[in-house]
Amino acid sequence: MAKPTPLPDPPPQGGRETTGEPTLRRIPLVPLRDDVVFPKLIVPLSVGRRTSIAAITAAMDKDKQVLLVAQKDPQVDDTVEQDLYAIGTIAEINGMRQTPAGVQMLVAGAQRARIARFTQFKPFIEVEIEILADQVGEGLEMEAHMRSVKSLYEKYVESGAAVAPEVAATVSKTDDPVYLADLVSAAPDQTLEQKQHMLETPNVLERLRLLALFLSKQVEILELKAKIQNEVQSTIGKLQRDQILREQLKAIRKELGEDEEGADLHSLREKIEAAGMPDSVKERALKEIDRMQSIPAASPEVGIIRTYVDWLIALPWGPPPGETWDIKVAAKVLDEDHYGVEKIKERILEYMAVRQRSQSLRSPILCFVGPPGVGKTSLGKSIARALGRKFVRLSLGGIHDEAEIRGHRRTYIGAMPGRILQQMKVAGARNPVFMLDEVDKVGADWRGDPSSALLEVLDPEQNKDFSDHYLEVPYDLSQVLFITTANVVDTIIAPLRDRMEIIRLPGYTEDEKLHIAQQFLKPRQLREHGLTDDNLEVPEETLRLLIREYTHEAGVRNLDREIANIARKIPRRIAEGQTEKVTVQPGDVMGYLGPPRFEFGVAELEDQVGAVTGVAVNEYGGDVMTVEAILMQGRGEFALTGQIGKVMEESARAAVSYARSHALELGLKPGFFEDHFFHIHVPAGAIPKDGPSAGITMATAVVSVLTDRPVRREVAMTGEITLRGKVLPIGGLKEKLLAAHRAGIKTFILPEKNRKDLHEVPEEVKSSMELVLVKHVDEVLDKALLPAATRPSTPGLGFKRPLGGSQPGTVN
């Protein structure tokens, strides 16, 4: 609102009341936001509310008078009786004009009035009012108060108050106590409540007394402000304007006894006491508070210390809540969320049972290793639900900076704790289930090795005093149940691998995938797509078709995706009124998903010479592969292609050397290898391959082409070969057998020394194929090779008798 303009000085009122007996009259009312209009003052007003504009229009059509009343809450738009003060000012509209925002008008205050009652609220507020008289006294006391107010007002203006010169001149000249009181009451430093109180005070002498107190306080504040400004300018010199204003505000509050900074520090100390910190940490936090108190508020160091203390307070320090576990309920929760994975469920239930008897038991550090899509991450959430603990997750994939784990030191701009403590703050408890995802994909560069930083986190002997570079105080992580996940363990550094209890999730069999699809995947997709069993039915035969011909994976992620592809096509058909229920038969799948993407069955369609089915393990689980060998005329040793690693190359050399050392037994003429050489190829040349387990596979391929004997297409094999033909054990047997099972292999040849690993293989897999355990490569050749094909013999090749003689062991 603009500053009020005084009316010409009215004649002296003497020692009498200024109005006659009260009378009632009706008048339109205009609510005011954040201001009060006093009698005998001319004030410009801007009006935008429809009810106010309607009231002004009605007044212009009548006597041009309205009642101006202040609102108690300026934010209210549609005012009612409770939103307005009871006393306002009758004002005459001297002029008005329309604007895009509403109406601008010039009003002159006339008399005080009290609202007797409200007569209407629409289309504008109309009230009945009672005129209020000013109680004017006489004598020396009145004269003394008038002179005191004028003198203080003059000092008020001289001290820098925002008062118009013409108002100051009118105050010094007027001899009317009523006019003087109303003119000074409109001072800019008066609050709305103070102005309203002055308007509602009928006794003029009381008004002058209150104004004298107000002016005295304001003069003191303004003089103190000038003094403080001089002191601040002399001490801080060239600081920026905003810093100067902060110092002024701080000094003013200090002089007025409003030490806000002290209250803030006191609040921080109370939070530190309540946080449950160890004594050493509490002492460190209180020292930082003392240091912050001694530093000027404008210093950047204050913000750094405050952030540090806030982090200390935010971390969970107190003892974890008591744990009252029901093992049966926990087992039920784990079974509800996941099918199979009995080894992991058994390990968690064992931990819960022992922890109930011994609270000093350390939390295990588990590492779930398996291909994508087998449920490693979701298992962590299920374990947290079974234990009744908070669950937090941190993805380590692609992290190269050690500071991501340990944080940055406070000397760096923008420093903060590492992600371990950040997640502990999110958990809000000292014993969450903390999942570290993709621990095998942590990198290392010039910024440090995050894997080495994890050594302290995942060591039960050290993590009770974990030290973050930012906090620089020990933090106890021993109550945390850490679970890491990985696709392979080879890329995890040995010291870190040694600290973890590795539990493998090799993948699911076809029947396990079928159960998972029926119990978990299909109901979830129906729920997410707004369907029920009455809308969509997917029979068991259809799910098997999806597993065999539309997915080729160790887990069930793609199977879940294919079920979702079918489910999202159903709502449209229902919405178009085509059907209310859809049953997807195996013959209908092509219409939903297109042609099959994979062939279910053996890797090769026919028995061939020099083509042998092997198995391999990668980060996605197990898979079958074909090893091919051909014999060519020419000089040379042999060629090896297909992105073969050093170890696999040495296995190929051993296989070829074994075949050459048995040339006479194979019926080869002397000097045969002087003008013939081999080419061994492992398809999918874009994929790197390595390891010794393809030794007997390569030996079988080489002997096959030398003897012209086809290899049985339903046979797969794995095993390392020595120069003497012995078959050595290999790793990843369960993954390889699952891969062979998915490919429809009927006979699987494996080393005898891997017999001990067969107990980990599901019975469904072992019963679906013949398992042949061998000690020597002769046993492999007897089982894998057919008699020589009837075709013209290669010059120099004359098969005498098959290698072998010993009988392989068989497991059905």
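Here are some notes on this predicted model, point by point.

1. **Ground rules.** Since this is a predicted model, local features need pLDDT of at least 70 and side-chain atom pairs count only at pLDDT 80 or more, while totals for chains, interfaces and linings use all residues. Residues are numbered from 1 along each chain as its sequence is written, and side-chain values use heavy atoms, with hydrogens and water left out.

2. **The overall build.** The protein chain has 27 helices and 26 strands. Both are DSSP runs numbered from the N terminus: helices are H or I with at least four residues, strands are E with at least two. Of the 812 residues in the chain, 48% are buried. Here buried means under 20% relative accessible area, exposed means over 50%, and partly exposed is in between (1.4 Å probe, protein chains only).

3. **Contacts and surface.** Take the contacts in the chain with a separation of 6 or more: 75% of them are between residues 24 or more positions apart. A contact here is heavy atoms within 4.5 Å. The chain exposes about 39,400 Å², and carbon and sulfur atoms supply 50% of that. The areas come from the Shrake-Rupley method with a 1.4 Å probe; for residues, only the protein chains shown count as cover.

4. The model has 46 salt bridges, taking one as a side-chain nitrogen of Lys or Arg within 4 Å of a carboxyl oxygen of Asp or Glu. One of them joins the side chains of D63 and R25 at 3.0 Å, N to O. D63 sits in the loop between helix 1 (50-61) and strand 4 (65-70) and R25 in strand 2 (residues 24-32), so this pair ties together parts 38 residues apart in sequence. D63 is partly exposed at 33% relative accessible area, and R25 is partly exposed too, at 24%.

5. **R284 and E472.** These side chains meet in a salt bridge at 3.3 Å, N to O. R284 is in helix 9 (residues 279-294) and E472 is in the loop between strand 11 (466-467) and strand 12 (474-475), so the pair links parts that are 188 residues apart in sequence. R284 is partly exposed at 22% relative accessibility, and E472 is partly exposed at 39%. Both also belong to a network of salt bridges that links R284, E288, R291, E301, R409, R410 and E472.

6. **D437 and R393.** This is a strand-to-strand case: the side chains form a salt bridge at 2.7 Å, N to O, with D437 in strand 10 (residues 433-437) and R393 in strand 9 (residues 391-395), so parts 44 residues apart in sequence are tied together. D437 is buried, at 3% relative accessibility, whereas R393 is partly exposed, at 40%.

7. **A positive patch.** R724, K726, K753 and K756 gather in a patch of positive charge on the surface. For a charge patch, residues need over 30% relative accessible area and no salt bridge, and like charges are joined within 9 Å. Lys and Arg count as positive and Asp and Glu as negative, with His and the chain ends not counted; the place of a charge is taken as NZ of Lys, CZ of Arg, CG of Asp or CD of Glu. R724 itself lies in the loop between strand 22 (720-721) and strand 23 (727-728), and R724 is exposed, with a relative accessible area of 61%.

8. **E138 and L205.** E138 is in the loop between strand 7 (126-131) and helix 2 (140-158) and counts as exposed at 57% relative accessibility. E138 and L205 are 67 residues apart in sequence and 9.2 Å apart in space, C-alpha to C-alpha.

9. **Backbone details to look at.** The peptide bond from K122 to P123 is cis, with omega near 0°; P123 lies in the loop between strand 6 (102-120) and strand 7. K40 has a positive phi of about 70° although it is not a glycine. K40 is in the loop between strand 2 and strand 3 (41-47) and is partly exposed, at 21% relative accessible area. Q643, also not a glycine, has a positive phi of about 55°. Q643 falls in the loop between strand 19 (638-641) and helix 23 (646-661) and is partly exposed, with a relative accessible area of 42%.

Key
Patch = residues over 30% accessible without salt bridge, like charges linked within 9 Å, V, L, I, M, F, W, Y side chains within 5 Å.
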